[in-house]
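Please look over the model below before reading on. My comments are numbered.

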Amino acid sequence: FLPVRETPRWVGIWKLRWLDLSLVALGLLVLSMALARQGWLSATPARLARFRVGYLLFTLVYVGWVAQGQLTVVNLTSLIEAWVGGHSADFLLSDPIAVLLWAFVGVSLLLWGRGTFCGWLCPFGAFQELLSLVTKKLGWKSRHLHTRLDAALKRIKYLALGLIVAAAFFSAPLTQGLVEIEPFKTSISMSFQREWPYVLWALLCLVASVFVYRGYCRYLCPLGAGLALFDRVRLLSWIPRRAECGTPCQTCRHRCEYQAITPKGQVDYAECFQCLDCVSIHQDNKRCMPLVLKRKGRVIPLRPVAVLA
């Protein structure tokens, strides 16, 4: 008789979580269809705002708190530690929602860049943005930092990623401490039911986003840094631009909450969160200056202009 092969434990977990998998997969399908029709989605600010707020609520409440689908740099460090220790990585399959999301993120990185995950599918990122929207309704608007300061702060997340990855090869205890720069476990996985220092850090990250739009995501997130490194493999430069963008029109640049558009009008996809605001402006003949002047029968002269940071 042939020995009976024992069914891997993760197979049973996947079967038990069929409903969460189905709903998250449906959500990913909806997002894919929406982003594939970015022109239609962003044709009016109201349509884009309704869809974005609705999807961010889905990401925070269902993907994050209900389905426990917060991706984290711990997924990477666990893989490194398993490889260094000569252990199997099969344990990763015990989290089916994470596997599904990582598979989708892998494809979206090739097509659109990091913005699909960071801008739409990160529960903690959604938490920050929704909080900023609420405070904006109450009269408080986040501030843009000086261009040079913004660029310098964006390097911090790469330093954090480097330290965490290096520690994962040599010291598990040190890695466990360093990954706490992510407030994901505290705010999403454990719903703030944790020791007060961790709760305080998570709250500070959320409060900071009220003053600097999604500041944690832009400046500190090691997972975001890891995804941004894959910008070179992105296949599409999907955000429409005109010759007048940057020289001299600066409308999109000044309205980009993520400060991901250069003074020359180019989109920095490694820092773009795919909010589609600039896509909406680009096709709006009341907000896009080249379209405004074209409608009035005037032309913007294409000449370099001095741009204040």
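1. Basis. This is a predicted model, where local features need pLDDT of at least 70, side-chain atom pairs count only at pLDDT 80 or more, and totals for chains, interfaces and linings use all residues. Residues are numbered from 1 along each chain as its sequence is written, and side-chain values use heavy atoms, with hydrogens and water left out.

2. Helix packing. The axes of α8 and α13 (residues 196-211) come within 8 Å and cross at roughly 45°. Axes here are lines fitted to C-alpha atoms over the stretch in contact, with angles from 0 to 180 degrees between N-to-C directions. Helices are DSSP runs (H or I, at least four residues), numbered from the N terminus.

3. The contact. α8 contributes Phe124, Phe127, Gln128, Leu131, Ser132 and Thr135. α13 contributes Ala202, Cys205, Leu206, Ser209 and Val210. Contact means heavy atoms within 4.5 Å.

4. Gln128. This residue lies in α8 (residues 123-137). Gln128 counts as buried because its relative accessibility is 0%; buried means under 20% relative accessible area (1.4 Å probe, protein chains only). Leaving out residues up to four places away in sequence, Gln128 touches Cys205, Leu206, Ser209, Arg214, Gly215, Tyr216 and Cys217.

5. Ala228. Helix α15 (residues 222-228) holds Ala228. Ala228 is buried, at 6% relative accessible area. Residues up to four places away aside, Ala228 touches Arg114, Tyr158 and Ala270. Tyr55 is 173 residues from Ala228 in sequence and 22 Å away in space, C-alpha to C-alpha.

Note on methods
Helix = DSSP H or I, 4+ residues; strand = E, 2+ residues; numbered from the N terminus. Buried < 20%, exposed > 50% of the residue type's maximum accessible area, 1.4 Å probe, protein only.
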